[in-house]
Amino acid sequence: MRCTKWIMSKRTSLILIGIFLFLGYESAFFTVKRQHCPEEGYHKEVRVHESFQRANNNDAPFQIPPDHILKTMPYEELTSLYHGFVNNVGVLCKNIVRLGKLTDGGWEVCHDQQYRPPNNCLVYSAGINNDFSFDDAIAKQYGCEVHSFDPSMKKKSYRRSEQVFFHNIGISAVDVYIPANKTGWEMRTLGAIKQQLGHAKRRVDVLKMDIEHWEWKVLPQAIASGFLDDVTTLDLELHSWIRNKTFIYEPPAEIYLGYLRTLRQLHQLGFRIFLTHKNLGSCQFRSRFGMMRTSCQEIAMVQTKMKMGM
């Protein structure tokens, strides 16, 4: 009887050991499987280089490393890093105010005391498309002096109201007049416009730009010239598409690298996203990597270094 009990006990122990080994193997298998296969909804973990993980130039969830690291990253990682960065906030705003339409055309400011537009505020609003809802609303709510720019409307410059002024000028990286047989637009840098309007010694409290991909030319010049050093709120629609006869919604790796370089420079200046919003509609596309994305992203940023005394 003792021998039988001992044999049964030994068999039970072997069975239990076998179960534990099986469960351990299955756990390891599914862990590896989850790391290498996208989950439902095409959510996929971005695997990055060790040097990228050590590049702590950024306190946001998605860090943008230096150029020498970006240039070694695979195309898929570059696209994931770009969309991850613009989809996440980097600073908390407790009181977000939307001004203008609830649909396309309205924009946000942070009403927290350290970021809200002050008395005698100055606003530059580029890209109107005949929708002045934001411009009129911020002038009314905060008493701002607002200058609106859009040469595509083909309207002469005029004073829209006591506080809002329309200018038949476009924002560009260079001062140039585009011939009439093309568009006939007068294009100016933000710095040149600031001088022209007599605002050289004034701070631009809100800069809003929805200028159909021109932002990627304007922003580097505005950063290099120091214009953005005197801007508190930056409202942008980022267009990650390019146009080459037709729209290309997922451009080549070198284009994404340029986008990321500009976003990193904004971050280094102290700008942090406090609100981000996907503009869907015709901007939606299926990435070659499987997931659905948008090539139009509205972001609202504030300059934190200035407010934090850094």
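Two strands are taken to pair if DSSP finds at least two bridges between them. Helices (H or I, at least four residues) and strands (E, at least two) are DSSP runs, numbered from the N terminus. The structure is a predicted model, in which local features need pLDDT of at least 70 and side-chain atom pairs count only at pLDDT 80 or more, whereas totals for chains, interfaces and linings use all residues. Residues are numbered from 1 along each chain as its sequence is written, and side-chain values use heavy atoms, with hydrogens and water left out.

An open sheet of 8 strands is found, with mixed pairing and the strand order β5-β6-β4-β3-β10-β11-β17-β14. Its edge strands, each pairing on one side only, are β5 (158-159) and β14 (271-278). Within this sheet, strand β4 (residues 145-149) and strand β6 (residues 164-167) run parallel and are joined by 4 bridges; His147 has Phe165 of β6 as its bridge partner. Helix α8 (residues 253-269) lies across β11 (231-239), β14 and β17 (296-303), and runs at about 130 degrees to β14. Here axes are lines fitted to C-alpha atoms, for helices over the stretch in contact, and angles run from 0 to 180 degrees between N-to-C directions; contact means heavy atoms within 4.5 Å.

A further open sheet consists of 3 strands in the order β7-β9-β8, again with mixed pairing. The edge positions are held by β7 (170-171) and β8 (176-177), each of which pairs on one side only. Strand β8 runs antiparallel to strand β9 (residues 186-188), and 2 bridges join them; Val176 has Met187 in β9 as its bridge partner. Thr189 is located in the loop between β9 and α6 (190-196). With a relative accessible area of 9%, Thr189 is buried, a class defined as under 20% relative accessible area, against over 50% for exposed and values in between for partly exposed (1.4 Å probe, protein chains only). When neighbours within four places in sequence are left aside, the contacts of Thr189 are Ser172, Ala173, Val174, Asp175 and Gln221.

The structure also contains 3 disulfides, a disulfide being a pair of cysteine sulfur atoms within 2.5 Å. With bonded cysteines counted along the chain, their pattern is 1-2, 3-4, 5-6.

Cys93 is joined to Cys110 with an S to S distance of 2.2 Å. This pair links distant parts of the chain, 17 residues apart: Cys93 lies in the loop between α4 (75-86) and β1 (96-99), and Cys110 in strand β2 (residues 107-110). The link of Cys93 and Cys110 is right-handed, with 105 degrees about the S-S bond. Cys93 is buried at a relative accessible area of 9%, and Cys110 is buried at 1%.

Cys121 is joined to Cys144 (S to S 1.9 Å). The pair links distant parts of the chain, with Cys121 in the loop between β2 and β3 (122-126) and Cys144 in the loop between α5 (133-142) and β4, 23 residues apart. The torsion about the S-S bond of Cys121 and Cys144 is about -95 degrees, and the disulfide is therefore left-handed. Cys121 counts as buried at 0% relative accessibility, and Cys144 likewise counts as buried at 0%.

Cys283 and Cys296 are also joined by a disulfide (S to S 1.9 Å). Because Cys283 lies in the loop between β14 and β15 (284-286) and Cys296 in strand β17, the pair ties together parts that are 13 residues apart in sequence. The torsion about the S-S bond of Cys283 and Cys296 is about -65 degrees, so this disulfide is left-handed. Cys283 counts as buried at 10% relative accessibility, and Cys296 is buried with a relative accessible area of 2%.
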